[in-house]
Amino acid sequence: MPERSADRLAQAEPDLAAAEQLRVTGYFEWAAFVAQQGGEKALKAVFQVRHGNVRGYSLLELAQLLQDPALPQEVLDAARRLDRYYIQTRYPDSFAAGIPQDYFTAEDAASALTDAGTITRWSQSQVS
């Protein structure tokens, strides 16, 4: 597989823009999920530059696999929080009753966007 870290990182920005539009329109669960996807792409760009391709969806696991002693704690914390939005935002059976839209708030969406922004900015500083 060719090295495409620049493309991964470039796609993270429109993902965050789309997440913001979803937040504004009240689709908070999807805003959180799309923000998580942007953060994932950004972090995978760093991984690809340093170690090659990687599979997986846990941002915390990806961050830990980088084995970077200089990785800021705020990036690890953002990854940990964003991991909560990968599955539960999408599947109705993630909760005992109701649908994901019932469980996610504007605050959740805003937090996810902030966390994805933290990861994306750090990733840009590592790939550029």
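**Entry 1: the cavity**

I began with the lining of the largest cavity in this predicted model, where helix H2 (residues 28-51) gives the largest share, three residues. I then asked myself: which residues line the largest cavity? I noted Arg 8, Lys 44, Phe 47, Gln 48, Gly 52, Asn 53 and Val 54. For the volume of the largest cavity I wrote down about 30 Å³. I found one cavity of 30 Å³ or more in the structure.

**Entry 2: Ser 5**

Next I looked up Ser 5, which sits in helix H1 (residues 5-24). Is Ser 5 buried or exposed? I have it as buried, because its relative accessible area is 4%, and the cut-off for buried is under 20%. Setting aside residues up to four places away in sequence, I saw Ser 5 touch Ala 45, Gln 48, Val 49 and Val 127. I was pleased to meet Gln 48 again, as I had it in the cavity lining too.

**Entry 3: Leu 66**

Then I went to Leu 66, in the loop between helix H3 (59-65) and helix H4 (73-83). I count Leu 66 as buried, because its relative accessibility is 2%. What does Leu 66 contact, beyond its neighbours within four places in sequence? My list reads Leu 43, Val 46, Phe 47, Arg 50, His 51 and Trp 122. Phe 47 is a name I also have from the cavity lining.

Last, I checked a distance: Leu 66 and Gly 26 lie 40 residues apart in sequence, and their C-alpha atoms are 35 Å apart in space.

Note on methods: Residues are numbered from 1 along each chain as its sequence is written. This is a predicted model: local features need pLDDT of at least 70, side-chain atom pairs count only at pLDDT 80 or more; totals for chains, interfaces and linings use all residues. Side-chain values use heavy atoms; hydrogens and water are left out. Helices (H or I, at least four residues) and strands (E, at least two) are DSSP runs, numbered from the N terminus. Buried means under 20% relative accessible area, exposed over 50%, partly exposed in between (1.4 Å probe, protein chains only). Contact means heavy atoms within 4.5 Å. On a 1 Å grid over the protein atoms alone, a cavity is a set of points where a 1.4 Å probe fits but cannot get out, and a pocket is an open set with protein on both sides within 12 Å along at least five of seven lines; lining residues have an atom within 4 Å of a point. Grid points are joined across faces, edges and corners, and a volume is the space filled by probe spheres set on the points.
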